[in-house]
Amino acid sequence: MILEIDGIKKSFGGLVALDGALLEVRNNTIVGLIGPNGSGKTTLLNVISGFLVPEGGSIRFNGMDITGFRPFEIARLGLCRTFQLTRLFRRLTVLENMLLASRTQDDSLGSVFISRKKLALHEKADAKRAADILDFLEIGHLGNEYAGSLSGGQQKLLNLGMMLMSEPGMVLLDEPVAGVNPSLANRIFEKILKEKEHRTFLVVEHNVDVLMNFCDYIFVMNRGRIVASGTPDEIQCDETVIEVYLGG
Amino acid sequence: MLLDYALDALIYTGIYAILTISLNLEAGCTGLMNFGKVAFFATGAYTTALLTTSGVPVIFSAIAGVLLSAVFGLLVALPTLRLRADYLAIVTIAFGEILRMFLHNEDWLTGGPIGIRGIPQPLYQYFDGSYLLFYLFIVFITLVACYFIAELVINSPFGRVLRAIRDDEDAVAALGKNTFLFKTQAFVIGACIASIAGTLFAHYLSFISPDMFLPTLTFSIWTIMVIGGRGNNLGVITGSVLITVFERGSRFIKDYIEMPFGLEPYNVRIIVIGLLLILFIIYRPDGMLRERKSRSPL
Ligand SMILES: Nc1ncnc2c1ncn2[C@@H]1O[C@H](COP(=O)(O)OP(=O)(O)OP(=O)(O)O)[C@@H](O)[C@H]1O
Ligand SMILES: [Mg+2]
C-alpha cells in the first residue's frame with residue numbers, strides 16, 4: 001500500500017466535513033474517488049496533502065506516518081496534488097510554470113552565484129522535457145505566454161503538465177479534466193494509464209463513465225465517510241452507490 | 001554651483017535607486033510588503049558612522065552594517081513570514097519606528113537627536129575639489145553591482161520561486177518548496193542591499209541624525225518602485241531618476257520662482273508626487289517600465 005488513510009476527522013465550525021474517512025491505495029494503480037458535491041472529497045485531498053490538519057486519524061505514505069507534515073514536506077516525499085480550482089503562477093510564462101515544477105533543478109540561493117553553468121544545462125534539459133509534455137497536452141505553442149492569459153481549460157492542462165513534470169510517486173488529482181473537451185480528456189486519461197507504470201493516482205472525478213474505463217478501484221464518499229468501494233464493475237451494481245451518487 | 005547641484009541630485013538618485021532595487025526584490029518580485037525599508041537603511045548608516053568615527057576602515061564598517069542588517073532582517077522575518085502578508089507590513093513599520101526611537105533616545109551610543117557628525121569621507125584628500133564627482137563614481141559602481149546581483153537572483157531558478165510565491169504561495173508549497181525559507185532569504189538580501197545604500201548615504205553627508213530616517217523615506221522608495229515599474233530593475237532606476245531629480249530640482253528652483261498664493265514649495269512637491277502616484281496606480285499600475293517576460297530556459 002502506498003497510501004493508507006485511517007479514521008480522518010475534520011470539521012469546520014459545526015460542519016463535519018470528514019467523519020472518519022478511511023481508504024487504502026495500492027502501488028501503481030489508478031483509484032477513483034467519487035461522491036456528491038460537498039461530500040468531502042476535496043477536504044480529504046487537502047488533509048492528505050497537508051493543507052489541512054485533521055482532528056483525528058492518520059495518514060501513512062509508503063509506510064511513513066505523515067500526519068501533521070507541512071505541505072512542502074509531503075510534496076518532497078513525492079506525494080503531489082493538483083487543485084480543483086486551478087492554481088498556477090499567472091505572471092510566469094507557461095514554460096516557467098513547468099520549469100518550476102521540476103523537482104530536480106537546484107533552486108538554492110547559493111547556486112545562483114556558484115554553479116550557473118550547471119543550472120543552465122539542467123534547465124535546458126528540463127525545458128526539453130517540458131516542451132514534450134506541453135506538446136502532448138496540445139498547448140506547446142503557448143510556452144512563452146503568461147500562464148494568466150490561458151483559457152480555463154488550458155490552465156487545467158498546464159496544471160496537469162506541471163504534475164507530470166514533477167514526476168511524483170503518487171498524485172492526487174482533483175477533477176483534472178473538468179472543462180476539458182471530451183476527446184482530449186480521454187487522451188489525458190490514456191496518458192495517465194501509461195504513467196501508471198511509474199506512479200499511483202488518486203483521482204476525484206464527477207464523470208463516472210471516464211472513471212469506469214480507467215480506474216482499477218473506486219471509493220465512494222458521502223457526508224465525510226467512505227460508503228462503498230470496489231472495482232468499477234462492483235461499484236456500478238452497488239445499491240448504496242446508486243442511491244447516493246448515481247442518482248438511483 | 002549648478003554642476004554641484006546636478007552631481008548632488010545624481011548621488012541621491014543612485015542611493016535611492018539602490019534602496020529601491022532592494023525593495024523591488026522583496027516587494028516587487030516576492031510580494032513581501034516591507035514598509036520598514038528605512039530601518040535597514042538606517043542600520044547601514046549608523047553602523048558605518050559609529051565604526052568609522054572610531055577609526056575602523058570604511059570597507060569593514062560597510063561589511064559590519066550589512067551583517068547587522070542581515071541579523072535585523074532575520075529577527076523581523078522569522079516570527080512574521082510564517083504569518084499572512086499583512087502582518088509583515090505592520091511589523092516592519094513598527095520595527096522602523098522602534099529603531100528610530102532607539103537612535104533618538106540612546107544618546108550614549110548614537111548621539112541622540114543631534115546624531116553623529118564628522119563621519120569621514122573616504123579618500124577625500126586625493127579628490128579635493130572634485131570629490132562629488134568621485135563620490136558619484138563610487139555610488140554608480142555600487143549601483144551597477146547591486147543591479148547585476150539583483151538581476152542574477154531574479155532570473156535564476158531561485159528567483160523564479162520568489163516570483164511564483166508572489167502569485168500563489170500555497171501552490172508553491174504544493175510543489176515541494178519551503179516557501180518560508182525562500183521568503184526569509186529574499187528579505188535578508190533586501191536588508192543587506194538597503195544597508196549598503198545607508199553606508200553610502202552616511203559618508204556622503206558626513207553627518208546623520210534620526211530625523212533623516214522617518215517613515216516617509218520608506219514611502220518615497222515605494223513611490224519610486226510603483227512609478228518606475230515593480231519587478232523591473234531598470235524601471236525602478238528610471239523611477240529613481242525621475243523622482244529624485246524632481247525632488248532635488250524643486251529644492252533648487254524654489255529660490256528662483258515665485259509660488260502662486262504663497263504656497264510652500266515643499267508642500268507643493270509632496271502634492272505633485274502624491275498626484276503622480278495616484279495617476280500611475282489608476283492609469284498605469286505596471287509603472288513606467290513593465291516587468292519583462294523572463295527568458296527561459298536561462
Ligand atoms: N475551508 C472551509 N471552511 C468551511 N467549510 C468548508 C471548507 N472547505 C470545505 N468546507 C465544507 O466542507 C464540506 C465538504 O467540502 P468539499 O469541498 O470537501 O466537497 P467536495 O466533495 O470536494 O465537493 P465538490 O464535488 O463540489 O468539489 C462542504 O460542506 C463544504 O462547504
Ligand atoms: Mg471538490
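Biologist: By class, how many nonpolar, polar and charged residues are in the lining of the largest pocket?
Modeller: Ala, Val, Leu, Ile, Met, Phe, Trp, Tyr, Cys and Pro count as nonpolar, Asp, Glu, Lys and Arg as charged, and the others, Gly among them, as polar. Sorted that way, the lining of the largest pocket has 14 nonpolar, five polar and five charged residues.

Biologist: What kind of model is this?
Modeller: Residues are numbered from 1 along each chain as its sequence is written, chains are lettered from A and ligands numbered from 1 in written order, and side-chain values use heavy atoms, without hydrogens and water. Local features need pLDDT of at least 70 and side-chain atom pairs pLDDT 80 or more, while totals for chains, interfaces and linings use all residues, as this is a predicted model.

Biologist: Which helix gives the largest share of the lining of the largest pocket?
Modeller: A pocket is an open set of points on a 1 Å grid with protein on both sides within 12 Å along at least five of seven lines, and lining residues have an atom within 4 Å of a point. Here the pocket's volume is about 690 Å³, and B:T216, B:L217, B:S220, B:E247 and B:Y266 lie nearest its centre among 24 lining residues. Helices α1, α9, α10, α11 and α12 of chain B each supply at least two residues. The largest share, six residues, comes from α12(B).

Biologist: What is the volume of the second largest pocket?
Modeller: Both chains take part in its lining of 21 residues, with A:R70, A:P71, B:E169, B:D170 and B:T179 nearest the centre. That lining divides into ten nonpolar, four polar and seven charged residues. The space in the second largest pocket is about 410 Å³.

Biologist: Which element gives the largest share of the lining of the largest cavity?
Modeller: A cavity is a set of points where a 1.4 Å probe fits but cannot get out, and the structure holds eight of 30 Å³ or more. The largest has about 140 Å³ of space, and its 13 lining residues include A:R81, A:T82, A:M162, B:A174 and B:L175 nearest the centre. Two or more residues each come from β6 and α6 of chain A and α8 of chain B. The largest share, three residues, belongs to α6(A).

Biologist: Which helix gives the largest share of the lining of the second largest cavity?
Modeller: About 50 Å³ of space lies there, lined by residues including A:L99, A:Q105, B:P157 and B:K177. Three residues, the largest share, come from α7(B).

Biologist: Is A:E123 buried or exposed?
Modeller: A:E123 sits in helix α5 of chain A, and its side chain makes a polar contact (N or O atoms within 3.5 Å, one able to donate a hydrogen and the other to accept it) of 3.2 Å with that of A:Q105. With a relative accessible area of 1%, where under 20% is the cut-off, A:E123 is buried.

Note on methods:
Points joined across faces, edges and corners; volume = space filled by probe spheres on them. Helix = DSSP H or I, 4+ residues; strand = E, 2+ residues; numbered from the N terminus. Buried < 20%, exposed > 50% of the residue type's maximum accessible area, 1.4 Å probe, protein only.
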